[in-house]
Protein chains: 2
Amino acid sequence: MDHPNQTAQPLDGEELHKIDAWWRAANYLNVGQIYLSANPLLREPLKVEHIKPRLLGHWGTSPGLNLIYAHMNRLIKKFDLNTIYMAGPGHGGPALIANVYLERSYTEFYPDVTQDEAGLLRLFRQFSTPGGIPSHVSVPTPGSIHEGGELGYVLVHAFGAVMDNPDLLVVAVVGDGEAETGPLAGSWKSIDFINAARDGAVLPILHLNGYKIAGPTVLARHSDEDLQKFFEGQGYEPYFVEGDVPEVVHQLFASVAERAVSEIRSIQSSARNGGASSRPRWPMIVLRTPKGWTGPKVVDGIPIEGTFRAHQVPVSEVRTNPEHLTILEDWMRSYRPEELFDGNGTFRAEYADLSPEGTSRMGSNPHANGGTLTKPLDLPDYRSYAVQLKQRATERLGSTAALGDYLRDIYIKNPHTFRLFCPDETNSNRLGAIFEVTDRCLVSEILPGDDHVSHNGRVMEVLSEHCCHGWLEGYTLTGRHGLFATYEAFAMIVDSMSMQHGKWMEHAKHVPWRADIPSLNYLLTSTCWRNDHNGFSHQGPGFIDTIIHRKPAVARVYLPPDANCLLSVADHCFRSRNYLNLIVIDKQPQLQWLTMDEAREHCAKGAGVWDVYSNEPDEPDVVLACAGDIPTQETIAAAWLLRKHAPGLKVRVVNIVDLMRLCPADRHSHGMGDIEFAEIFTTTAPVIFTFHGYPGVIHDLLHGREAHDRFHVRGYLEEGTTTTPFDMVVLNRISRLHLCLDVLRYVPKMLIDGADLLTYCTSTLAIHQDYIREHFDDLPEIKDWVWSS
Amino acid sequence: MDHPNQTAQPLDGEELHKIDAWWRAANYLNVGQIYLSANPLLREPLKVEHIKPRLLGHWGTSPGLNLIYAHMNRLIKKFDLNTIYMAGPGHGGPALIANVYLERSYTEFYPDVTQDEAGLLRLFRQFSTPGGIPSHVSVPTPGSIHEGGELGYVLVHAFGAVMDNPDLLVVAVVGDGEAETGPLAGSWKSIDFINAARDGAVLPILHLNGYKIAGPTVLARHSDEDLQKFFEGQGYEPYFVEGDVPEVVHQLFASVAERAVSEIRSIQSSARNGGASSRPRWPMIVLRTPKGWTGPKVVDGIPIEGTFRAHQVPVSEVRTNPEHLTILEDWMRSYRPEELFDGNGTFRAEYADLSPEGTSRMGSNPHANGGTLTKPLDLPDYRSYAVQLKQRATERLGSTAALGDYLRDIYIKNPHTFRLFCPDETNSNRLGAIFEVTDRCLVSEILPGDDHVSHNGRVMEVLSEHCCHGWLEGYTLTGRHGLFATYEAFAMIVDSMSMQHGKWMEHAKHVPWRADIPSLNYLLTSTCWRNDHNGFSHQGPGFIDTIIHRKPAVARVYLPPDANCLLSVADHCFRSRNYLNLIVIDKQPQLQWLTMDEAREHCAKGAGVWDVYSNEPDEPDVVLACAGDIPTQETIAAAWLLRKHAPGLKVRVVNIVDLMRLCPADRHSHGMGDIEFAEIFTTTAPVIFTFHGYPGVIHDLLHGREAHDRFHVRGYLEEGTTTTPFDMVVLNRISRLHLCLDVLRYVPKMLIDGADLLTYCTSTLAIHQDYIREHFDDLPEIKDWVWSS
């Protein structure tokens, strides 16, 4: 059992006094935030009128968070550390606010929250109050790049932040409630992907305070022996601190934290001097302190401190029950505020002095405002990776393979600021060209049969969409760039993370001191239309819906139909800031439609008429619109069939790359004005719109357009499983034949002689069904459906 | 290190021979499924024309899965076990198919796949072939209730299945790729919630074969010492089996598995005799065997067996490269098919005899077709929990609290077939009445301060939405009933699980032998409109979108506006089968609109005119429609304001409980016919539709209705954070004032004298903004917005 020496006294009297004073001050400010709307320094006896009208907020986790902050202040100064603090426990907001106020970062970001009594009052009154700040760490919290609302991501954010940040140390506090979530449980393994020579370090501190909202936590009920095994088994060296006597816990924690920092330095120094060849055993700390420590021990005869009852407001009837008011006053006075704050209400210099200065303060560290450190990527000219068309729309080429070449060269030109994150599918997604210049990263044993795996690799492959997404969030929030590539259906595993990161960016736009950060870029491949082989469970385009529900300020969806468009879109996304950029394109070889010059022009517009695939596109009788690679293929094939079987019909083909262009201009900054919309879609012709995903997405985007009832949207209908690609488009009714039948349905009869077309489509569909039925195991694809002009 | 005795020989010669024969047969059938379309028994030399035209499928994981199946057959017979098998590794389909074919379950479910050469051929040809079956375990696989497409859920499904199933043993094979996912990592803790006296047991087998698609797996590169600590630290007793010599591995595995089963029996027997008071140390097995074991060792000079190259098709050019064809033939003949199958192609009786019989076969165990075991819940009369209205729409009462009373009595009447699953929010969600009759379940140490926590508790609280959802899936798939209650925004954490379970049920409807299973019921509380205190990260109604994208056959969304409607809806959901039933209602005290009789009638219709809240509802000038509790409140308040400020206007209030009623009848079985739709919404009046979630949902559902441009939908727009409930509806423009302004906008001017109304609304909104600005810390709610009639 690697408990610290219980008699170690690393802190001298002055240090102990200073740390304890800081801690008491932070605790005091926590309580003040929950309760007080007046009399912030208890200069007069506490009265009901000093109490907020409604008591909201959470106390339980704060004393532990405050303790860690106080101690890290000392260590940053002692070891000249470059440190940020991530608070994983839910509702740790008031603790972080208290500490960044004490270190004065808060006042620098929010000058009206001054370092005096008036400022204290403002600090208290804004908390968990309409128009104020929430009770978890959030975007307005200086020093934080981790929103504490949805639990489970503190370690992935922390590890993402230290990748390629060799000097950075992230202190990541894991709540014992949070530790029950799947994503958190799956993120301890991040040390298998941290290279001590080039990456920084995370010091995880598991804070066991025993309870969630109402019930005990799983890990708090495990013995130290079991916890030690659990963490050692994952490659950590756990240190234990337990107690409820402040002076004792201060000495223990100081001893352990100092040892942890020294070990981290030693690991890094050894790795950077070429001495390490296997995964180091990184330190971590298990901190057991009572929930709501130093708060009321008993209220109304019921124990509070150390129980779940300390989770929120430990003594709740202070406005109506004089006894409760006394308990609160005694509690607050137990921190001896008169010792801590001077006559102006300013935190006394002799205690404030515990804090480091300037950007060494955790609330002012620029890594926690990563936009200030962001440098644009040095991007190669994407046009030089163009697919050369010998003849349009005939040869099938891999679009993502072309992107792979481009990514390879981005890696070359940006050796420390770009990474690809992917659940073991880089090759499967045809991005394998990057392995010409880097490897998969793994910091455990490498075996001779491994393919492009090394400690120095910078392709982050782990079979956890949560890790991939979270690491990339941490990487971009600290100012670097990247791409998350995954199978389309399994992107939904991180729906919630995407929503929360989108919300972070939406909110950050309204926080003036937050600088723009690189966008979070998604590449979804292995799409629903080409998972005919994997079947139903692999077919799910719902992630598009998740993105379009984010605010227009952050939501971007691109459906490049071919390689050249993909390259143009990728270049655009890698230059952008503050977006969720979703790019959807399949990995299979596919028909190529546009030259690079055409693609560039088309993508710049985001949507447009494709004259070359249309039949007399001026004043068309019908518009065939498409968004997505397979929809484009079927649409152009339908246009070709129409030219053949209904030659008099004027058919316009429209392709949409940038899905948000469909929105009315007042709903999205990419939205088309009515004039441009009419130029592309006419104002009267029926539009057969073939979409990659669920049809409802298009109806949603088009809402607000005049007469959008003439848009007939086809898309994925949850049909098909293990079958052919062509059967997929048939079953979901987006096949070229169905689109032609739709034309017959919606184009006025007088404009079209449809007899030949009708016969052709229905008889061909009948043949197809027979073919599937009879030859189900002969041919994976019906060859003659490959369109050629 | 708890390795088995390396010299133990638990299998006698005949047993070893039989097990090995079974294993070879299963391996042979695996290879046949990937490669052969003719010559299934290799009666003639293998030729190109016997090979499938396109080689798809996965070999790597199968030999390990087959080994376990063979051994479990023996143990089921030896110990008279009641066992089902869950295959977590991706693409384990051909293995499970092979084994259930060998035990003849497959032929009983699919009589055309006969136990002879013709049947073998059919078995081979259907695999990973258009119209056939996918390469992972899926709905058509007998014996499975676990779809192997999306990874990470095998343990939660397994543990859910054994809850309240004391005699059931689930052998749950965890893939080492799968083990990297967050949800899987977070599910080892399930043993903290398994009570050996009343629940069955899971035997987890972590199968380390070293590689994912292309890269090494994290756990495979951890030492046995680290793995032992990792599992011991979580409360398991791990046993290790490693090897690549079949006879040796057979003996080792037999020894370990027998010991594990004995320990499980001993744990259960002790618990059931009242001897256990703490969490038992459950056995689990770590099995290290080469990826693609017994497959080609080297192809074209490159190692295959034991590397990632064995993941899919280990030797791929068999149609064009004669050397490859020879490798395949040698490989298949190495299993000595002529020994295994008789002249008819029937698996020889002396080997088939390894299998248990009837429903003891893992492919025929009724727990894997849980609908056959399902009994309806004994439901109390929901009407007796009705909220009694003294006066309509005046008093605020907790709707979920009424549901809590109902759930309590469901627990009483169904002591073994109903459970609530919830991330530590049962009390917070006001369902605490159930604690009158049961506790939270936790099987580790209980402390005196704990509140309703016991080993015997049957409320499953764990701070993991993944565990909650997955356990409930396992529970319902084995024929029992339950409810998953969670905060609305955090339901999105399990978007993907919900999609996959929905797909399972959609698919199961087309598999004739699968019996109907109880619906998976969701209760989302703490909704976006009342997370004004928690702020932006807690506001997200996107789970509705996830549900409506499922096929109409399974998707059900209910938005009861008050307690009595909630009770009626809940009763309906608990009686239903095969649905994803989503119920959304807030937990805060809320206004109550309908008597129980009215609620019952209203919910039976799912949507209707509320005359009592309308102003001359016949031939209305405008329809105010609403779906959701807060939308209902604002809509009725708007109707009331209109009555006051524009008394001549004929206003009809429509409420929708069953969201799917909005669909055209040809899109959803709940969809309204056009006549009913016109009766409710008229055919011409403007409709101001106030919706709980994103407005696009309503546009999507209404698509296909005539002239739905007259529907003006308001809903959640991602606005607001820490503020008042009323500010939330203002910022998102669904407030009563905004709805009145919408009426002024959309109702023809001649029908309404709007001057007074306009003045009232705009001036009140101005006051509100000023109020919020000036008094942001005084009042959490603006009192006079509580509507009273």
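In this predicted model, Leu206(A) stands opposite Val286(A), a residue of strand β5(A). The pairing to which this belongs joins strand β3 of chain A, residues 201-208, to β5(A) in the parallel sense over four bridges. Strand β4 of chain A, residues 236-242, also pairs with β5(A) in the parallel sense, here over seven bridges, and within β5(A) the bridge partner of Tyr239(A) is Ile285(A).

Strand β5(A) itself spans residues 282-288 and is mostly covered, with seven of its seven residues buried. Burial extends to both faces of β5(A): Trp282(A), Met284(A), Val286(A) and Arg288(A) lie on one side, Pro283(A), Ile285(A) and Leu287(A) lie on the other, and all are buried. Strand β15(A) runs parallel to strand β16 of chain A, residues 580-584, and is joined to β16(A) by four bridges. In this pairing, Ala555(A) stands opposite Leu580(A) of β16(A).

Another part of chain A holds an open sheet of five strands in the order β18-β20-β19-β21-β22, with mixed pairing. The edge strands of this sheet are β18 (607-609) and β22 (711-714) of chain A, each of which pairs on one side only, and the twist from one strand to the next averages 20°. Within the sheet, strand β19 (residues 622-627) and strand β20 (residues 651-656) of chain A pair in the parallel sense over five bridges, and Val623(A) has Arg652(A) in β20(A) as its bridge partner. Helix α23 of chain A, residues 736-746, lies across β19, β21 (687-691) and β22 of chain A, and runs at about 155° to β21(A).

| Strand | Paired strand | Bridges |
|---|---|---|
| β3(A), residues 201-208 | β5(A) | four bridges |
| β4(A), residues 236-242 | β5(A) | seven bridges |
| β15(A) | β16(A), residues 580-584 | four bridges |
| β19(A), residues 622-627 | β20(A), residues 651-656 | five bridges |

Turning to helix packing, two packed helices are described by the angle between their axes and the distance between the axes. In chain A, helix α6 (residues 154-162) and helix α14 (residues 465-477) pack at an angle of about 50°, with their axes 6 Å apart, and because of that angle α6(A) is oblique to α14(A). The crossing in which α6(A) passes α14(A) is right-handed. Helix α6(A) contributes Val156(A), His157(A), Ala158(A), Phe159(A), Gly160(A) and Ala161(A) to the contact, while the residues from α14(A) include Trp471(A), Leu472(A), Tyr475(A) and Leu477(A). By class, the contact of α6(A) with α14(A) has nine nonpolar, five polar and one charged residues.

In chain B, helix α6 (residues 154-162) packs against helix α14 (residues 465-477) at an angle of about 50°, with their axes 6 Å apart, which makes α6(B) oblique to α14(B). The crossing of α6(B) and α14(B) is right-handed. Among the residues that make this contact are Val156(B) and Phe159(B) of α6(B), and Cys467(B), Gly470(B) and Glu473(B) of α14(B). The contact of α6(B) with α14(B) divides into nine nonpolar, five polar and one charged residues.

Chain B also contains strand β8, residues 396-398, in which Leu397(B) is found. Leaving aside neighbours within four places in sequence, Leu397(B) is in contact with Val387(B), Ala563(B), Pro589(B) and Gln592(B). Of these, Val387(B) is 10 residues from Leu397(B) in sequence and 8.2 Å from Leu397(B) in space, C-alpha to C-alpha.

Finally, the two chains meet in an interface where 102 residues of chain B are in contact with 103 residues of chain A. On the side of chain B that touches chain A, at least two residues each are supplied by α5 (117-126), α7 (182-185), α8 (224-232), α15 (495-508), α16 (543-548) and α21 (696-702) of chain B. The largest share of that side, seven residues, comes from α15(B). By class, the side of chain B that touches chain A has 30 nonpolar, 42 polar and 30 charged residues.

Definitions and conventions
Residues numbered from 1 in each chain as written. Chains lettered and ligands numbered in written order. Predicted model: local features only at pLDDT ≥ 70, side-chain atom pairs only at ≥ 80, totals over all residues. Contact = placed C-beta atoms within 7 Å. Nonpolar A, V, L, I, M, F, W, Y, C, P; charged D, E, K, R; others polar. Axes fitted to C-alpha atoms, helices over the stretch in contact; angles between N-to-C directions. Parallel < 35°, antiparallel > 145°, perpendicular 65-115°, else oblique. Left-handed = near helix turned anticlockwise from the far one by under 90°. Pairing = 2+ DSSP bridges. Buried ≥ 20, exposed ≤ 12 C-beta atoms within 10 Å, placed from the backbone.
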